[in-house]
Amino acid sequence: MRYAQGGGLTDAGRAARERVRLQAVEWFEGGQKNQEIAAVLRVSERSVERWRRQWRERGEAGVLAKGSPGRPRLSEVQIAKLERELERGPLAHGWADQRWTLARIKTLIACLFHVSYTVEGTWRLLKRHGWSWQQPARRAIERDDKAVEGLEEGDPAVGKSCAAACDGWIAFEDEAGQSMTPPRTRSWGRKGSTPIVRVRGRGSGRVSMAGLTCYKPGKRSRMFYSVREYRGRKGEPKGIGWRDLRGLLVRAHIQLGSPIVLVWDNLRMHLIEPMREFIAAHSDWLTVLQLPTYSPDLNPQEGIWSLVKRDIGNLAAADLGQITRAVKHRLKQIQYRPDLVDGCLVGTGLIMDG
């Protein structure tokens, strides 16, 4: 039978016990011997003898009397304290890595409250209070959470106010790259045999991308991009440069027909003198704001890159041109799917309503 964490039976266990005792009552009334009943029900003769005595004294109600359902080992106050300690993370409690395992939580409960739980009991306790086994998201230790607190509450702060004041768009910019080695994605395979993805070991080069996701309340979301190949030739730019960003911003401004409030990170290329001069010269339609340091999860353009790389996962490209064509094809598809662009904004936790 299954037992609850506090020591009592679960609902399924109580139902099973009730069925067994009802069957025993029928055999008592039929005159069956204790030894025969115990053998069939797979219980001890002492238990059958006790049930028969209860049946003689109180009838069927005596046999079916419910025992103690058990009580929770931790009070609500202790549960609240446990949750606070779990939210502090394993590092705060002396573990070298940041994994909360059932064994570690079991140890933490014993240290905090001097109460012994089994691993299964710990699992039940966590499930009962809304905890689950999850894949964690990465976040840089150097990140200043206070700097992004206002953004995480759902409002792009000053950027939203600036865009509303000038009747413009909020645009998030970011860069990414892809080499000949494709991203690995999950694939079905036979149990015990890891699927093998064959890629070309020779060949070099890189595809660099710059993207701009644009939002304005009441308007269809837009996405612009620029792609550049690098094949290792002499004098060839190795990736996206400030001139590419300048062209991307000018193209977006022309097609949007409105001022732009640009939000990007502190990449060195964004801060060089030619870029700053360009921004100052076009301050009539371009306002630039910096994202907090180490906060890529607040940039919806990161979500666009995830969609692109998911599509080219496990791609055994014959040459760099095939990678470029696949990237451009996926970016073009996303341009015509404003729901995907909106979904990337939702994934950041930011709100762009009017």
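**Cavity, burial and charge pairs in a predicted model**

User: How many cavities of 30 Å³ or more does the count come to?

Analyst: By the rule for a cavity (a set of points on a 1 Å grid over the protein atoms alone, where a 1.4 Å probe fits but cannot get out), the count comes to one cavity of 30 Å³ or more. This is a predicted model, in which local features need pLDDT of at least 70 and side-chain atom pairs count only at pLDDT 80 or more, while totals for chains, interfaces and linings use all residues. Residues are numbered from 1 along each chain as its sequence is written, and side-chain values use heavy atoms, with hydrogens and water left out.

User: What volume does the largest cavity have, and which residues line the largest cavity?

Analyst: Its volume is about 30 Å³, taken as the space filled by probe spheres set on grid points that are joined across faces, edges and corners. A lining residue must have an atom within 4 Å of a point, and the lining is made up of Ile79, Leu82, Glu83, Leu125, Leu126, His129 and Trp131. Helix H5 (76-88) and helix H7 (119-128) are the elements that give two or more residues to this lining, with H5 giving the most, three residues. Helices here are DSSP runs of H or I with at least four residues, strands are E runs of at least two, and both are numbered from the N terminus.

User: What makes Arg42 count as exposed?

Analyst: Exposed means over 50% relative accessible area, buried means under 20%, and partly exposed lies in between (1.4 Å probe, protein chains only); Arg42 has 78% relative accessibility and therefore counts as exposed. Arg42 sits in the loop between helix H2 (34-41) and helix H3 (45-58), and its phi is near 60°, a positive value in a residue other than glycine. Most residues other than glycine have a negative phi. His114, in the loop between helix H6 (102-113) and H7, also has a positive phi, near 55°, and its relative accessible area of 72% is why His114 is called exposed.

User: Why is the pairing of Arg228 and Asp244 called a salt bridge?

Analyst: The term asks for a side-chain nitrogen of Lys or Arg within 4 Å of a carboxyl oxygen of Asp or Glu, and the side chains of Arg228 and Asp244 meet at 2.8 Å, N to O. This pair links distant parts of the chain, 16 residues apart, with Arg228 in strand E3 (residues 222-230) and Asp244 in helix H10. Side chains of opposite charge can pair when their charged atoms come close. The structure holds six salt bridges.

User: Why does Glu85 count as buried, and what does Arg88 count as?

Analyst: Glu85 counts as buried because its relative accessibility is 14%, while Arg88, at 51%, counts as exposed. Their side chains meet in a salt bridge of 2.9 Å, N to O, and both residues lie in helix H5, three residues apart, about one turn of the helix.

Conventions:
1 Å grid on protein atoms, 1.4 Å probe; cavity = no way out; pocket = protein on both sides within 12 Å on 5 of 7 lines; lining within 4 Å.
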